[in-house]
Amino acid sequence: MSLYASGSEVEIAVAAQKELAGRGIATRVVSVPSLELLLRNRRRRAGAIVGDAPVKIAIEAAVRFGWDAVIGPDGIFVGMSSFGASAPGESALQAFRDHVRGGG
């Protein structure tokens, strides 16, 4: 399994990796500081950068735009489906967690 994340979402991906390791699930975290740069270099260095994990998950506090080129049509996207939410980082993250759990 590969988890892709950028910015502050990398911390979430690393925490997920630790949780999955505790369950015996091998997981690779790929930090993506620039989606545009990754996509530009993907063909040349796809194996080294993206890998060939059967399960690919992108974690992004913003929208899905662009991530399908990395995770493919069968990939999983964990992020927003709309624009407009704004708050201090931890408050926004908690609201997002509540929404994902069905509480918001």
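Glu 9 touches Ile 59, Glu 60 and Ala 61, not counting residues up to four places away in sequence, where contact means heavy atoms within 4.5 Å. Glu 9 is found in helix α1, and at 8% relative accessibility Glu 9 counts as buried; here buried means under 20% relative accessible area, exposed means over 50%, and partly exposed lies in between, with a 1.4 Å probe and protein chains only.

The model discussed here is predicted, so that local features need pLDDT of at least 70 and side-chain atom pairs count only at pLDDT 80 or more, whereas totals for chains, interfaces and linings use all residues. Residues are numbered from 1 along each chain as its sequence is written, and side-chain values use heavy atoms, with hydrogens and water left out.

## Overall fold

The secondary structure of the protein chain comes to four helices and four strands, and, read along the sequence, the chain follows the pattern β-α-β-α-β-α-β-α. Helices (H or I, at least four residues) and strands (E, at least two) are DSSP runs, numbered from the N terminus. Of the 104 residues in the protein chain, 29% are buried. Among contacts with a separation of 6 or more, 45% are accounted for by residues 24 or more positions apart. The accessible surface of the protein chain comes to about 6900 Å², of which 56% belongs to carbon and sulfur atoms; accessible areas come from the Shrake-Rupley method with a 1.4 Å probe, and for residues only the protein chains shown count as cover.

## The sheet

Strands of a sheet pair through backbone hydrogen bonds, either parallel or antiparallel. In this model, four strands form an open sheet in the order β2-β1-β3-β4, with parallel pairing; two strands are taken to pair if DSSP finds at least two bridges between them. Strands β2 (28–31) and β4 (76–80) stand at the edges with a single partner strand each, so one side of each is left without a neighbour in the sheet. Neighbouring strands of this sheet are turned by 20° against each other on average, direction ignored.

Strand β1 (residues 2–5) is joined by four bridges to strand β3 (residues 56–63), and these two strands run parallel. Within this pairing, Leu 3 stands opposite Ile 57 in β3, while the bridge partner of Tyr 4 in β3 is Ala 58. Helix α1 (residues 9–22) packs on the sheet and touches β1, β2 and β3, its direction making about 160° with that of β1; axes are lines fitted to C-alpha atoms, for helices over the stretch in contact, and angles run from 0 to 180 degrees between N-to-C directions.

Five bridges join β3 to β4, which also run parallel, and Glu 60 stands opposite Gly 79 in β4. Strand β3 is mostly covered, with six of its eight residues buried.

Val 55, Ile 76 and Val 78 make a nonpolar surface patch of about 200 Å². Patches are made of residues with over 30% relative accessible area and no salt bridge, like charges being joined within 9 Å and nonpolar side chains (Val, Leu, Ile, Met, Phe, Trp, Tyr) within 5 Å. Val 78 has its place in strand β4 and, at 35% relative accessibility, counts as partly exposed.

Leu 39 is found in helix α2 (residues 35–49) and, at 33% relative accessibility, likewise counts as partly exposed. Leaving aside its neighbours within four places in sequence, Leu 39 is in contact with Gly 66, Ala 69 and Val 70. The C-alpha atoms of Leu 39 and Gly 66, which are 27 residues apart along the chain, are separated by 8.8 Å.

## Salt bridges

Side chains of opposite charge can pair when their charged atoms come close. The structure holds three salt bridges, a salt bridge being a side-chain nitrogen of Lys or Arg within 4 Å of a carboxyl oxygen of Asp or Glu.

| Salt bridge | N to O distance |
|---|---|
| Glu 19 – Arg 23 | 3.0 Å |
| Glu 36 – Arg 40 | 2.9 Å |
| Arg 64 – Asp 68 | 2.7 Å |

Glu 19 counts as partly exposed at 46% relative accessibility, whereas Arg 23, at 60%, counts as exposed. Glu 36 and Arg 40 are both exposed, and, being four residues apart in helix α2, Glu 36 and Arg 40 are separated by about one helical turn. Arg 64 is partly exposed at 31% relative accessibility, and Asp 68 is partly exposed with a relative accessible area of 38%.
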